[in-house]
Amino acid sequence: MSLQTIVTNAPITDEVKKYLLERLEIEGATPDVVATIKQALQEYIEAGFTQLGVAMNPNDPAIVAAQQKFDTEVKKAEDMFTEEVENAAIDAALIQAQTTKDLETLQVQTLKEQMAV
(Lines give C-alpha, C1' and ligand atoms only; values in the text may rest on other atoms or scores of the structure.)
Protein backbone atom coordinates (compact mmCIF):
# COMPACT_ATOMS: atom_id res chain seq x y z
CA MET A 1 0.00 0.00 0.00
CA SER A 2 1.43 3.36 -1.00
CA LEU A 3 1.51 6.48 1.13
CA GLN A 4 -0.82 8.11 -1.39
CA THR A 5 -3.33 5.28 -0.85
CA ILE A 6 -3.03 5.58 2.92
CA VAL A 7 -3.69 9.32 2.80
CA THR A 8 -6.48 9.02 0.22
CA ASN A 9 -8.30 6.36 2.24
CA ALA A 10 -7.69 7.98 5.62
CA PRO A 11 -10.74 9.29 7.47
CA ILE A 12 -9.40 12.85 7.60
CA THR A 13 -10.75 16.04 6.08
CA ASP A 14 -10.42 16.63 2.36
CA GLU A 15 -8.40 19.76 3.12
CA VAL A 16 -5.84 17.77 5.12
CA LYS A 17 -5.76 15.03 2.46
CA LYS A 18 -5.12 17.61 -0.27
CA TYR A 19 -2.31 19.19 1.76
CA LEU A 20 -0.65 15.85 2.50
CA LEU A 21 -0.99 14.57 -1.08
CA GLU A 22 0.50 17.80 -2.45
CA ARG A 23 3.46 17.50 -0.07
CA LEU A 24 3.96 13.87 -1.12
CA GLU A 25 3.91 14.84 -4.78
CA ILE A 26 6.28 17.79 -4.38
CA GLU A 27 8.65 16.52 -1.68
CA GLY A 28 8.29 12.75 -1.95
CA ALA A 29 8.24 10.36 0.98
CA THR A 30 10.72 12.31 3.07
CA PRO A 31 10.94 11.61 6.80
CA ASP A 32 9.32 15.00 7.45
CA VAL A 33 6.36 14.26 5.15
CA VAL A 34 5.91 10.80 6.66
CA ALA A 35 5.98 12.31 10.16
CA THR A 36 3.34 14.85 9.12
CA ILE A 37 1.12 12.06 7.76
CA LYS A 38 1.56 10.09 10.98
CA GLN A 39 0.71 13.16 13.02
CA ALA A 40 -2.47 13.85 11.03
CA LEU A 41 -3.63 10.25 11.43
CA GLN A 42 -2.73 10.21 15.10
CA GLU A 43 -4.66 13.43 15.71
CA TYR A 44 -7.72 11.88 14.06
CA ILE A 45 -7.39 8.74 16.18
CA GLU A 46 -6.91 10.67 19.42
CA ALA A 47 -9.89 12.93 18.64
CA GLY A 48 -12.06 9.84 18.19
CA PHE A 49 -10.98 8.40 21.53
CA THR A 50 -11.51 11.75 23.23
CA GLN A 51 -15.07 11.91 21.86
CA LEU A 52 -15.68 8.46 23.29
CA GLY A 53 -14.20 9.48 26.64
CA VAL A 54 -11.39 6.95 26.35
CA ALA A 55 -7.98 7.97 27.62
CA MET A 56 -5.18 6.35 25.68
CA ASN A 57 -2.17 4.87 27.40
CA PRO A 58 0.71 5.09 24.92
CA ASN A 59 2.42 2.18 26.70
CA ASP A 60 -0.57 -0.14 26.27
CA PRO A 61 0.68 -3.26 24.43
CA ALA A 62 -2.17 -3.02 21.91
CA ILE A 63 -1.28 0.58 21.11
CA VAL A 64 2.42 -0.24 20.86
CA ALA A 65 1.62 -3.15 18.53
CA ALA A 66 -0.67 -0.96 16.40
CA GLN A 67 2.00 1.72 16.17
CA GLN A 68 4.60 -0.85 15.16
CA LYS A 69 2.26 -2.22 12.50
CA PHE A 70 1.60 1.30 11.24
CA ASP A 71 5.32 2.08 11.16
CA THR A 72 5.96 -1.15 9.25
CA GLU A 73 3.26 -0.33 6.69
CA VAL A 74 4.60 3.20 6.23
CA LYS A 75 8.14 1.85 5.81
CA LYS A 76 6.91 -0.65 3.21
CA ALA A 77 5.11 2.14 1.37
CA GLU A 78 8.24 4.30 1.49
CA ASP A 79 10.37 1.44 0.18
CA MET A 80 7.91 0.72 -2.64
CA PHE A 81 7.79 4.41 -3.55
CA THR A 82 11.58 4.67 -3.57
CA GLU A 83 11.90 1.52 -5.67
CA GLU A 84 9.33 2.77 -8.17
CA VAL A 85 11.13 6.11 -8.47
CA GLU A 86 14.45 4.33 -9.00
CA ASN A 87 12.89 2.02 -11.60
CA ALA A 88 11.38 4.99 -13.41
CA ALA A 89 14.76 6.74 -13.42
CA ILE A 90 16.44 3.63 -14.85
CA ASP A 91 13.72 3.26 -17.50
CA ALA A 92 14.07 6.94 -18.43
CA ALA A 93 17.85 6.60 -18.73
CA LEU A 94 17.48 3.54 -20.99
CA ILE A 95 14.95 5.32 -23.19
CA GLN A 96 17.17 8.37 -23.38
CA ALA A 97 20.19 6.23 -24.32
CA GLN A 98 18.21 4.40 -27.02
CA THR A 99 16.84 7.69 -28.36
CA THR A 100 20.34 9.16 -28.48
CA LYS A 101 21.62 6.08 -30.31
CA ASP A 102 18.73 6.22 -32.80
CA LEU A 103 19.33 9.93 -33.38
CA GLU A 104 23.05 9.36 -33.99
CA THR A 105 22.25 6.54 -36.42
CA LEU A 106 19.83 8.80 -38.27
CA GLN A 107 22.42 11.58 -38.42
CA VAL A 108 25.04 9.18 -39.82
CA GLN A 109 22.59 7.89 -42.44
CA THR A 110 21.67 11.46 -43.43
CA LEU A 111 25.33 12.40 -43.72
CA LYS A 112 26.02 9.30 -45.89
CA GLU A 113 23.11 10.17 -48.16
CA GLN A 114 24.31 13.76 -48.50
CA MET A 115 27.82 12.58 -49.35
CA ALA A 116 26.50 10.11 -51.93
CA VAL A 117 24.81 12.86 -53.91
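What follows is a friendly conversation about a predicted model of a protein chain.

Reader: How do you know which parts of the model to trust, and how are residues numbered?

Author: Residues are numbered from 1 along each chain as its sequence is written, and in this predicted model local features need pLDDT of at least 70, side-chain atom pairs count only at pLDDT 80 or more, and totals for chains, interfaces and linings use all residues. Side-chain values use heavy atoms, with hydrogens and water left out.

Reader: What makes up the secondary structure of the protein chain?

Author: The protein chain has four helices and zero strands, running α-α-α-α from the N terminus on. Helices (H or I, at least four residues) and strands (E, at least two) are DSSP runs, numbered from the N terminus.

Reader: How does the radius of gyration of the protein chain compare with that of a compact globule of 117 residues?

Author: The radius of gyration is taken over C-alpha atoms, and the globule rule is 2.2 Å times the number of residues to the power 0.38. A compact globule of 117 residues would come out near 13 Å, but the protein chain has 24 Å. The C-alpha trace spans about 90 × 30 × 20 Å along its principal axes.

Reader: Which residues is Leu 21 in contact with, leaving aside its neighbours within four places in sequence?

Author: Contact means heavy atoms within 4.5 Å. By that rule, Leu 21 is in contact with Gln 4, Val 7 and Thr 8. The C-alpha atoms of Leu 21 and Thr 5, 16 residues apart in sequence, are 9.6 Å apart in space.

Reader: What makes a set of residues a nonpolar core, and which members touch the most others in the largest one?

Author: A nonpolar core is a set of buried Ala, Val, Leu, Ile, Met, Phe, Trp, Tyr and Cys residues joined through side-chain atoms within 4.5 Å. The largest has 15 residues, of which Leu 3, Leu 20, Leu 24, Ile 37 and Leu 41 touch the most other members. Helices H1 (3-9), H2 (14-27), H3 (31-52) and H4 (61-116) each give two or more residues to this core, and H3 gives the largest share, five residues. Not counting residues up to four places away in sequence, Leu 41 touches Ile 6, Ala 10, Ile 12 and Phe 70.

Reader: What makes a space a pocket, and which residues lie nearest the centre of the largest pocket?

Author: On a 1 Å grid over the protein atoms alone, a pocket is an open set of points where a 1.4 Å probe fits, with protein on both sides within 12 Å along at least five of seven lines; lining residues have an atom within 4 Å of a point. The largest pocket is lined by 15 residues, with Gln 42, Ile 45, Ala 66, Gln 67 and Phe 70 nearest its centre. H3 gives the largest share of the lining, six residues.

Terms used
Buried means under 20% relative accessible area, exposed over 50%, partly exposed in between (1.4 Å probe, protein chains only).
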